[in-house]
Amino acid sequence: MKNNKGFTLIELLAVIVILAIIGLIAIPTAIDSINNSKEKLYKEQVKRILDAADSWAVNNDNLLPSNKIDGGAITIDIERLQHAGLLKMDDVKNPLHSKDNMNAKIVIYYEEDYKQYVSGYCENYNNLYYSESEYSKISEKCNNATYLPE
């Protein structure tokens, strides 16, 4: 009698094919889930930065542009918010690029529709946070604003 220990080549190939099919289904789903989580975290961090900028603006209203009619705007950087104690280092890690910090400028301008100063985040990934119309408006404000050095 022949003692059959082990698996045949066909059985091994069948298992490999089944595992490959499971991998083809699972890997794209996992990658999409990771990317969605990174984008969600990015949006939360931008919101946290903008909230800090709003707090900074309230505390430093004497530095805000006084020309409300023609849309005067200033930009500040994240380091200014950190030095003011409004942001922690963990609040500025860029989840989209794990090695980088979020280092964009924040624009603060008077919004006539709301009758108050508002802040916007000036970075290439703004299309993840803003709608298309908001994105173009913020981009224009960012490009035309005066930088307020520390």
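Predicted model: local features only at pLDDT ≥ 70, side-chain atom pairs only at ≥ 80, totals over all residues.

Q: What does Lys47 form a salt bridge with?

A: Its partner is Asp51, and the closest N and O atoms are 2.9 Å apart. Both residues belong to helix H1 (residues 9-59), where they sit four residues apart, about one turn of the helix.

Q: OK, next one. Which residue pairs with Glu111 in a salt bridge?

A: That's Lys137, with 2.6 Å between the closest N and O atoms. This pair links distant parts of the chain, as Glu111 is in strand E2 (residues 105-111) and Lys137 is in helix H3 (residues 132-144), 26 residues apart.

Q: Where do those two stand on accessibility, buried or exposed?

A: Glu111 has a relative accessible area of 7%, so it is buried. Lys137 has 34% relative accessibility, so it counts as partly exposed.

Q: What about Lys115, which side chain does it meet?

A: The side chain of Glu112, in a salt bridge of 2.5 Å from N to O. Lys115 is exposed, with a relative accessible area of 54%, while Glu112 counts as partly exposed at 40%.

Q: Changing topic: what is the order of the strands in the sheet?

A: The order is E3-E2-E1-E4, in an open sheet of four strands with mixed pairing. Strand E3 (116-122) and strand E4 (146-147) are the edge strands, each pairing on one side only.

Q: How many bridges join E1 to E2?

A: Five, and strand E1 (residues 73-77) runs antiparallel to E2. You can find Asp77 standing opposite Lys105 in E2.

Q: Which strands does H1 touch?

A: H1 packs on the sheet and touches E1, E2 and E3. The direction of H1 makes about 140 degrees with that of E3.

Q: And which ones does H3 touch?

A: H3 packs on the sheet too, touching E1, E2, E3 and E4, and its direction makes about 105 degrees with that of E2. Remember that H3 is also where Lys137, the partner of Glu111, is found.

Note on methods:
Residues numbered from 1 in each chain as written. Heavy atoms only, no water. Salt bridge = Lys/Arg side-chain N within 4 Å of Asp/Glu carboxyl O. Helix = DSSP H or I, 4+ residues; strand = E, 2+ residues; numbered from the N terminus. Buried < 20%, exposed > 50% of the residue type's maximum accessible area, 1.4 Å probe, protein only. Pairing = 2+ DSSP bridges. Contact = heavy atoms within 4.5 Å. Axes fitted to C-alpha atoms, helices over the stretch in contact; angles between N-to-C directions.
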